[in-house]
Amino acid sequence: MTEKDDDMEIMEQERQKPRERHFRQKTEEQADISAERTEVKEPFNPLIEVVNYNFFYGATQALFDVDLTMPEKQVTAIIGPSGCGKSTLLRSINRMNDLLDNAYHRGDIRIREQSIYDAGLEVTELRKRIGMVFQKSNPFPKTIYENVVYSLRVAGQNNKTVLNEAVERSLKAAALWDEAKDRLDESALSLSGGQMQRLCIARAVANRPEILLMDEPCSALDPIATAKIEELMYQLKKDYTIVIVTHNMQQAARVADHTAFFYMGRLIEFGETKKMFMSPDKKQTEEYITGRFG
Amino acid sequence: MLKQPPLLKPEVRKYRPPGESFVWFTATGLSLGLVMILFLLGIIFVKGVDVFWPKKAALIELKPDSPAQIGPERFLAGVVTTVQEKIGGDSAALAESQKEWQLFVGNKDVYGYGFKYFDAAFIQKVSYPESLARIERLEYGDAFGYPVMIKLAAGQIRTAGQPGFIGELKRLVHESEKRWDKIRDIEKRQIGKINDRLEDLRLKEKSRTSQHGLEARSHRELIAQEAAGLQGQYQLLAQKAQELRKLQKQDLIVYRLASGEEKELPAGQVLGFYFPNQLNWAGRAGLFCKRVFQYLSDAPREANTEGGVFPAIFGTLVMTVLMSLAVTPFGVLAAIYLREYAKQGFFVRAVRIAVNNLAGVPSIVFGVFGLGFFVYFVGGSIDRLFFKEALPTPTFGTGGILWASLTLALLTVPMVIVATEEALAAVPRGMREGSLACGASKWQTIQRIVLPASAPGILTGLILAMARGASEVAPLMLVGVVKLAPTLPLDGTFPFFHLERKFMHLGFHIYDLGFQSPDSEAAKPMVFATTLLLIGLVVVLNLGAIIIRENLRKKYSTGAF
């Protein structure tokens, strides 16, 4: 037992290394926050429940009997090799897969115990409660301001004060305010790649959703922009439940509280990130994490 | 030791890589096409511009007793238009010269024709006398001659050579021009207004004939009173116009033709005159600009062979704009449904093929459809419902600019649909998903994201449609285009926009000049000028749309392209 505890401690130190590296240039205040972060352990309040979920692209089944519960106001990472169905699951949560012809599902996904396929729930209402950030940043060809307030505008909000407040709050939440506040009327396409992705995050949180889905948000970004967005996730999880799909194991280890490992459309393992990266239950998980395949 | 052979033997280098000759083949195809187009445009440009350039007037002295002599004297005056090999004829008699000349002699009122062919062998001498004038007249086209004297109404006579003769001539022409303006104003605008009101009263009266009783009678009396008042005004105006017309005839200008005849012409018939052989380069350029301006701003005269084409330009523009207004929403909405909402399957594929094939239907078929559906069915119904009093004279039940525009809209809608569909398909998927993920409905996504992003592509389709619509003639002949429209579709009388009016069109004007004109030789230059103008107009319309498109493209350019 003691041996194992020691191991745990060593692992814990190991795990903190990248984070320390990451934060060595941060200010005092931010360092405090990060210290706090590692100490406080949030309670596990289930928010998203995936129940016996199967998904089919025509004749091809992409997800097999997935049962998964994701906690509120924490970061859940979904990892796995390409084609394992992790994006499919993410896009099922806000019913983005409805757009596909010939695709159908079996089973259920519940948010706060309400099924997302509930007949009484408009899909647009569902999506207003769930923000999404895509792999490839996709700002609209509009001004920065109009990009951020887009979700409010489509919800019928045209009050200038409300919109202004939302822009400032969202850009601050996305750590873009300082860079963008003087150029809100410029085209969003004039931003750099990392800024564009943060703008997409600002756009996703403008309407104060409960859940933020992130589909490999950093895969097209350089390390500095990636670091900024990871730092952002720490800030955002105070207010939002975040589900992130990532290819990058280190990223999952750094940002996620819980991690789900998928392989060939099946959920292999789900658990606390710390535990999963140190002592995975399944051999497949261990092999994937240690880079023996995938 | 084994020696490795070099990868590329030196002698191989002189051969071309395989397939290189096909590059030449494709390039030849392109250059052939370009040469043909440039050649065509070049001819149209040169001939079209040439029409307005003032040319020297030649005085040709004929040999004694030549059959080419047309008057008492052995002279011909005019502009040499063609010198060509003689076709047929007695070659032995014309051994020294096989050429014949074509001369624009004008003076159609005297000679009965405007162009004269004669053998080069009959020419004794060609000169360019400075005193030879070219007189532009209201009727019978231009005249060549030497101004001799002016007979003023008061009985005074000014003869050529007296100081101030040319000045007096200019003053007369200027006065007559002003008087014509006045006459036009009275006859077209003022009398036109009174006529409109009389027609209104007549229709009002007609619509009340079915009613009886005291009220109706008093009403009828009121109408009669008003009509009588209008009639009085009409008489006054008509008399005024009559007097002005009389004034136009009082001063006479006398000129002598090169062939010897003398001709008296009322000053009111003269539009202008100039001495083509006195003009220097700047004078010619000035006259050129003036004639181009007149061509663009005047109404046609003399069966369209003289004067300008303003009503045709205006009609073409208005029709093209109306057509664009009709075709854009129609085509865009259809394409949105086809691409965004319709379930992609056999039926949608069939519709798409049908739309594409629609673009290949001969345009005259659309004309026939427009005549049957828009003019007779829709127009006839409108007449029966809203313009009952005017029947049997049709109001909308006859060809008009609205029906022509709608017919052309139908003709060009496939282009807009195809272009819009392509533009919609080119909007990156990520942008749609981004919008949907923000909680936007499908329609909101289309309206706020997809349509703006595809606007440049839609405009490309509209540009194609406009170019096609503006230059289409065949269907228009059935649904409202006329050789000569007395009024414009847009003017100062209420309700300003007269959608039911017939109109003139540059394309039809070309056809009319080239193939329906009584004097094809006189119309030929106008055909080129009008063709050039039509091409120019299409280019201008397209440029306008392209500028809008580039602006949109800048505004909505996406990182994905």
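In this predicted model, the contact between the two chains takes 21 residues from chain B and 22 residues from chain A. The size of an interface is often given as the accessible area lost when the parts come together. Here about 1800 Å² is buried between chain B and chain A, and carbon and sulfur atoms give 61% of that area. On the side of chain B, B:Ala437, B:Cys438 and B:Arg448 supply 30% of the area that this chain buries against chain A, more than any other three residues.

Strands of a sheet pair through backbone hydrogen bonds, either parallel or antiparallel. Strand β1 of chain A (residues 46–57) and strand β2 of chain A (residues 60–71) pair in the antiparallel sense over eight bridges. Within this pair, A:Glu49 stands opposite A:Thr69 of β2(A). Two residues lie between the strands of the hairpin, in which A:Gly58 adopts a positive phi near 60 degrees.

Chain A also holds an open sheet of six strands with mixed pairing, in the order β6-β7-β8-β3-β9-β10. Its edge strands are β6 (130–133) and β10 (266–272) of chain A, each of which pairs on one side only. From one strand to the next, the twist averages 15 degrees. At one end of the order, strand β9 of chain A (residues 258–263) pairs with β10(A) in the antiparallel sense over six bridges. A:Thr259 has A:Gly271 in β10(A) as its bridge partner. Helix α3 of chain A (residues 86–93) lies across β3 (75–79), β6, β7 (211–215), β8 (241–245) and β9 of chain A, and runs at about 150 degrees to β7(A).

Chain B has an open sheet of five strands, with antiparallel pairing and the order β4-β3-β2-β1-β5. β4 (115–119) and β5 (123–127) of chain B stand at the edges with a single partner strand each, so one side of each is left without a neighbour in the sheet. Neighbouring strands of this sheet are turned against each other by 45 degrees on average, direction ignored. Strand β1 of chain B (residues 58–62) and strand β2 of chain B (residues 75–85) pair in the antiparallel sense over four bridges, and B:Phe75 in β2(B) is the bridge partner of B:Glu61.

The helices of chain B remain to be described. Two packed helices are described by the angle between their axes and the distance between the axes. For helix α6 (residues 310–341) and helix α11 (residues 442–470) of chain B, the axes come within 9 Å and cross at roughly 135 degrees. Because of this angle, α6(B) is oblique to α11(B). The crossing of these two helices is right-handed. Among the residues making the contact are B:Met319, B:Met323 and B:Val327 of α6(B), together with B:Trp443, B:Ile446 and B:Leu462 of α11(B). By class, the contact of α6(B) with α11(B) has 15 nonpolar, five polar and two charged residues.

Helix α11(B) also packs against helix α14 of chain B (residues 520–556), at an angle of about 175 degrees and with the axes 8 Å apart. The two helices are therefore roughly antiparallel. Residues of α11(B) including B:Pro452, B:Leu459 and B:Ile463 meet residues of α14(B) including B:Leu534, B:Ile546 and B:Tyr556. The contact of α11(B) with α14(B) divides into 17 nonpolar, two polar and two charged residues. B:Met466 of α11(B) takes part in the contact with α6(B) and also in the contact with α14(B).

Conventions. Residues numbered from 1 in each chain as written. Chains lettered and ligands numbered in written order. Predicted model: local features only at pLDDT ≥ 70, side-chain atom pairs only at ≥ 80, totals over all residues. Heavy atoms only, no water. Pairing = 2+ DSSP bridges. Axes fitted to C-alpha atoms, helices over the stretch in contact; angles between N-to-C directions. Contact = heavy atoms within 4.5 Å. Parallel < 35°, antiparallel > 145°, perpendicular 65-115°, else oblique. Left-handed = near helix turned anticlockwise from the far one by under 90°. Nonpolar A, V, L, I, M, F, W, Y, C, P; charged D, E, K, R; others polar. Buried area = accessible area lost by both parts, 1.4 Å probe.
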